[in-house]
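This report describes one protein chain. Look through the sequence and the model below before reading on.

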Amino acid sequence: MSTFPRAPAAEPQIVRIRVDRGYRPAQSVAQANVPLRLVFQRRDADHCTERVIFSSPHIERRLAANGTTAVDLPAQPPGVVRFTCGMGRYRGEVALVERRAVRFPRASILRLLGAGASILVLLAAAGMLRAELIVGLAAPIVVAIAALSFAPRLTRIRPFNRS
Ligand SMILES: [Cu+2]
């Protein structure tokens, strides 16, 4: 009986949250359907932030004072993961979104740049632009198209502060 090599476990995405009499950022965005690792970096010794409690799935963890504690969450469908301190005074959340929702709109930007280049060519052909101006306008467009063409398709997901 042959055994198939098992697919490597999906790398968890990591969201770092600073704990200092509150959670910073209090709101983050991560990808749905991928395991999520929340790394709490506690910068206080406040009794209040000693425990972090997740509602669904229900997880309770003690956060070491002035230490780092990782909490691993399973892959979950789109939604919001909420957590609070032990007394529910401080609140944080991570919005889980579909992969395409965090996709960098590269195609749209390339289309815009292409349109800009076309207009430039038309104006140049009509003799409405001086040579120096054509070069000055074309150079940044070419650089932007080149940069976008080689940029990774998916931007790295990092927490951003919406508060
Ligand atoms: Cu508290």
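## Secondary structure

The protein chain has two helices and nine strands (helices are DSSP runs of H or I with at least four residues, strands are runs of E with at least two, and both are numbered from the N terminus). Read from the N terminus, the order of elements is β-β-β-β-β-β-β-β-β-α-α.

## The model and its confidence

This is a predicted model, in which local features need pLDDT of at least 70 and side-chain atom pairs count only at pLDDT 80 or more, while totals for chains, interfaces and linings use all residues. Residues are numbered from 1 along each chain as its sequence is written.

The mean pLDDT of the protein chain (the predictor's confidence in each residue, from 0 to 100) is 82, and 82% of the residues reach 70 or more. Over residues 153–163, pLDDT stays under 50. For that stretch the model has 22 contacts beyond four places in sequence (a contact means that two C-beta atoms, placed from the backbone, lie within 7 Å).

An open sheet is formed by four strands in the order 2-1-4-7, with mixed pairing (two strands pair if DSSP finds at least two bridges between them). Strand 2 (23–24) and strand 7 (68–73) are at the edges and have a single partner strand each, so one side of each lacks a neighbour in the sheet.

Strand 4 and strand 7 run antiparallel and are joined by six bridges. Arg37 has Asp72 in strand 7 as its bridge partner.

## Strands around strand 9

Strand 8 and strand 9 are antiparallel, with six bridges between them. Thr84 is opposite Arg91 in strand 9. Five residues lie between the strands of this hairpin, where Gly88 takes a positive phi near 75°.

Strand 3 (residues 27–31) pairs with strand 9 in the parallel sense over five bridges. Here Ser28 is opposite Val94.

## The nonpolar core

Buried residues (20 or more other C-beta atoms within 10 Å of their own; 12 or fewer means exposed, and in between is partly exposed; C-beta atoms are placed from the backbone) make up 12% of the 163 residues. The largest nonpolar core has 16 residues, and Val15, Ile17, Leu36, Leu38, Phe40 and Val94 have the most contacts inside it. Strand 1 (13–19), strand 4 (36–42), strand 8 (79–85) and strand 9 (91–97) each give two or more residues to this core. Such a core is a set of buried Ala, Val, Leu, Ile, Met, Phe, Trp, Tyr and Cys residues joined through C-beta atoms within 7 Å.

Leaving aside neighbours within four places in sequence, Leu38 is in contact with Val15, Ile17, Val71 and Leu73.
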